[in-house]
Amino acid sequence: MTAARSVGLDVPRVEGLEKVTGAAQYTADLKFPRLLHVAVVRSPHPHARVLDVKTERAARMPGVRAVVSGRDFPLHTGIYLKDQTVFATDRVRFVGDPVAAVAAETPEVAAEAAALVTVDYDPLPPIFDVEEGFAPGAPLVHPDLGSYEVVPWIQPKAGTNVCNHLKIRKGDYAKALGGAWRVFENVFRVPQVQHVPMEPHVSVARVDLAGKVEVHTSAQSPFTVRHLLSACFGLSHGDVRVHVPYVGGGFGGKAGINLEPIAVALAMRCRGRWMRFMVDRHEEFFATVVRQGLTATLVTGVDRSGKVQAQKMHYLWNCGGYGGYGVNIVRAAGYTCGGAYEFPNVEGDSIGVYTNRPVGSAYRGFGMQEIHWALEQQMDKVALEIGMDPVAFRLLNALGAGKSTVTGQVLDEHAGRVDLCIRRVADEIGMDPGRAKTPYRGKGIACAVKAPAMPNDAASSVVMKFAEDATLEILIAGIDYGQGLMTVVAQFAAEALDIPVETVRVRGCPDTDLSPYDWQTVASRQTWATGNAVLRGAEEIRRKLCDTAGEALGVPASELILRGGAVVHEASGRSLPLARLVMGYQFPDGHAIGGPVAAATSYLPEGLLFLDPATSQSAKPVAKWTFGAQAVEISVDPETGQVTVEKVAACYDVGRVVNPGLIKGQTYGGIVQGIGTGTMEELVLDTRTGRALNASLMDYKIPSTEDVPAVMSVDFVETPQKDGPMGARGIGEHTMIPTPAAIANALCDACGIRISEMPITAEKVWRALRAKENAAKGADAEAAVPSSVTA
Amino acid sequence: MKKTITLEVNGALETAEVEVGTTLLRFLRDGLDLTGAKEGCNEGECGSCMVLLDGRPVNSCLVLAVEADGRSVTTIEGLGKDDVLHPLQKAFLSHAAIQCGFCTPGMIVSAAALLREKPDPSEDDVRKALAGNLCRCTGYRQIVDAVHAAAAEMRAVASVDDEGGAGKPVAPEEVTA
């Protein structure tokens, strides 16, 4: 019997066969008897008081089964800050804010009936710009902010538009700035962008005649959906059942709760009927959630050695109309405000601001790509200004063992090695400071770091049980929406129990009535948290199998091991295959022992401590950090301004590579998504009307095969995570964090221009090149006049 | 207004009465329960609904069901045969070319159309042929690699078939790459 290895190997995706054959069922593929269709009445105004909603004509239309509006469902919902109702009640806060909804026998009737709902609005002055919303005396988006229910670690400011403000105060910033050799201040901006999952949001709901709510939904978090639905409708958790079939991409946009309350609200008015609420691609862009915008102001004070001594980071987040989820991005960006660097003296402020833009929420990286866009360009600029190589400058200031983060957490030797990541990608791209330069070709680098942003008690759990033939079934409630969770769960279990991975079945489409609890599939936490729960379950199963086998073989259980699908007593060479143990062992005389072998185990991060409310200092604010770096080589077309990313090198310290093919897929995918947000994507609003101007895949371009770099080189460092399953830590989000900043830094290397506002479009580059040319001409002209004064 | 259509879908004749405004995508999904083709945008921009119409790739959200009358349609469900996967399906599995899987059926269908036209496509050919199939997860690298691997396998099998099954030996890496 040989050992069955699987962790570290290219195990094919366990649900892959379903996905290549068309067998995999997504929410919109499910069939329901006599399904009703939902259409939503949305606000055409970015900001207005709702005076009256008249639904009578819609309700009388043949084929209409239910019409609901704000007055029917007044309870608030929100994962951290309860600032939203199912439908707008007294006020609408962005174009697309739901006001009422209709369920009808066909989609066409539903749409026609929705058009018959009349709403009287009293328009209010809208705010689109985050600085305007933050300014004293700005019109209030949420006048009742002070009365909303909120978790204790989020700090909204009543009477303003600030939905959360996290302050970092470390060392003595003012003194360090005063003593700095040179000081640099710059402003960087990031617009709102859309997740663009290939599967638009869709939820199907029914309230049965006994009052039990059942939902099938494309979501990242079935238990959080259940929890928030229960709160929103005043129900027992026991009377709400949530199913999540396969999910066609989410990237954060399907975290928390989304379409579900609207479908359930209608279902409550039409008992016994299923109703499907599916947004179309147009609505997906502005009426679901988007990524928050950011304005970042950075001040850096360095000493003569190039060490940063004083660092100020002022992050203003454009949260849009509601901040229920976005407030935690504000928090995460606060306690990570210094990125991958050690700054001894810090003044950090991360401030979420309500505006009348689409609702900001989680997006792969949870604020990190946005702050790294600012921070990594700032580091590059400072290095170049003081005449230092950007790679050496990063290495000098990088975090590492024994160094302290902005919250004062001192990293230990297990925390991961950003220095190694920097060196490897710099080598791969060839960033030697003495390198020969080619006009309009450039190289740039950026680092990345992220921790899981979650409540300190966010847990995952699993149920592991055997079928009669010793097939191991694992029930999880983490969602595999492409990142490979089901496969790595199978690998961990197979490795720990020494069974062939082909004998493991992961039940990855959860049902909250039957699946074990999981908080959410977000924060790159699943491989780590569910992986740890699986290893605990495997240990329990191993113990039960060995106890029964020991009794069966008449040897001490402590002398038994699991190998190749059997329990083995090495000293005597005797063994029992698992199939003879998993349902209990029967002796030759007929008497049986043991019983069906199963385990239910969980994992909860240990030792996490709240941030100090005034300074945000904490010795262990987060469970783990994942560090990495990317370097890129680009070319610029001087005639058109078009930037082409020729080559990307990425390296992350992931602790342990569990599945090389899957982790490469995460990295390629992150790089290309990073090229998308970095060079193409922006949700553009008409600032007169608040309407999205590019809400289609024709006008909002995401990367296609033709935008992929010719070379993507991917590498990993494996410094084991102490509390990670077999040393692994999270990686899913990190892969898109540094890409835009690395491209921006390469652009500066290529032609000496800097684009401070994402994305780096051809138009912006072209304008900057022309401005540079004109400035050079101007300087020439001025140089010809000796008496002129130049700055 | 309704019209009766007869078409071949994955090798089987189907006759149905459809509203003239019904798209081929809607007919396949709701009428025939073939849900492999997905609705990602319903305006021909994402490629998730790609099927073969008389062997050519089309966005089935932009074709009316009545336009398919008398013609042949192949969807992802009809690409392999029972337990035998199409070489592209195998290559997508072995190259980790799948993540969420929503674009996968359309992607494989587009690639199948390409390999029918060009058995030995260049990198550029593959990229161009798949440019209308959007994927937000994978970054496309492993998809393009999988298409090349499937092409190699299909060429190897074809060369064996051409020579009566006893032709020149097939390099193993070409079959399994």
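Helices (H or I, at least four residues) and strands (E, at least two) are DSSP runs, numbered from the N terminus. By that rule, Glu14(B) sits in strand 2 (residues 12-19) of chain B.

This is a predicted model: local features need pLDDT of at least 70, side-chain atom pairs count only at pLDDT 80 or more, and totals for chains, interfaces and linings use all residues. Residues are numbered from 1 along each chain as its sequence is written, while chains are lettered from A and ligands numbered from 1 in the order in which they are written.

**Glu14(B)**

Glu14(B) counts as partly exposed because it has 16 C-beta neighbours inside 10 Å. A residue is buried with 20 or more other C-beta atoms within 10 Å of its own, exposed with 12 or fewer, and partly exposed in between; C-beta atoms are placed from the backbone. Leaving aside neighbours within four places in sequence, Glu14(B) is in contact with Leu7(B), Val9(B) and Leu32(B). Contact requires C-beta atoms, placed from the backbone, to lie within 7 Å. The C-alpha atoms of Glu14(B) and Asp69(B) are separated by 9.8 Å. Those two residues are 55 apart along the chain.

**Where chain B meets chain A**

On this interface, 43 residues of chain B are in contact with 43 residues of chain A. Three helices of chain B each supply at least two residues to its side: helix 2 (87-94), helix 3 (104-117) and helix 5 (141-162). Helix 2 of chain B gives the most, with four residues.

Ala, Val, Leu, Ile, Met, Phe, Trp, Tyr, Cys and Pro count as nonpolar, Asp, Glu, Lys and Arg as charged, and the others, Gly among them, as polar.

| Class | Side of chain B that touches chain A |
|---|---|
| Nonpolar | 20 residues |
| Polar | 15 residues |

**Chain A**

Chain A has 17 helices and 32 strands. Its C-alpha atoms fill a box of roughly 110 × 75 × 50 Å, taken along the principal axes. Buried residues make up 59% of the 791 residues in chain A. Among chain A contacts between residues at least 6 apart in sequence, 79% join residues at least 24 apart.

**A helix contact in chain A**

Helix 15 (residues 660-679) of chain A meets helix 16 (residues 739-751) of chain A. Their axes, lines fitted to C-alpha atoms over the stretch in contact, come within 8 Å and cross at roughly 60°. Angles run from 0 to 180 degrees between N-to-C directions. Helix 15 of chain A contributes residues including Ile671(A) and Gly674(A). Helix 16 of chain A contributes Thr739(A), Pro740(A) and Ile743(A). By class, this contact has four nonpolar, five polar and no charged residues.

Note on methods
Contact = placed C-beta atoms within 7 Å.
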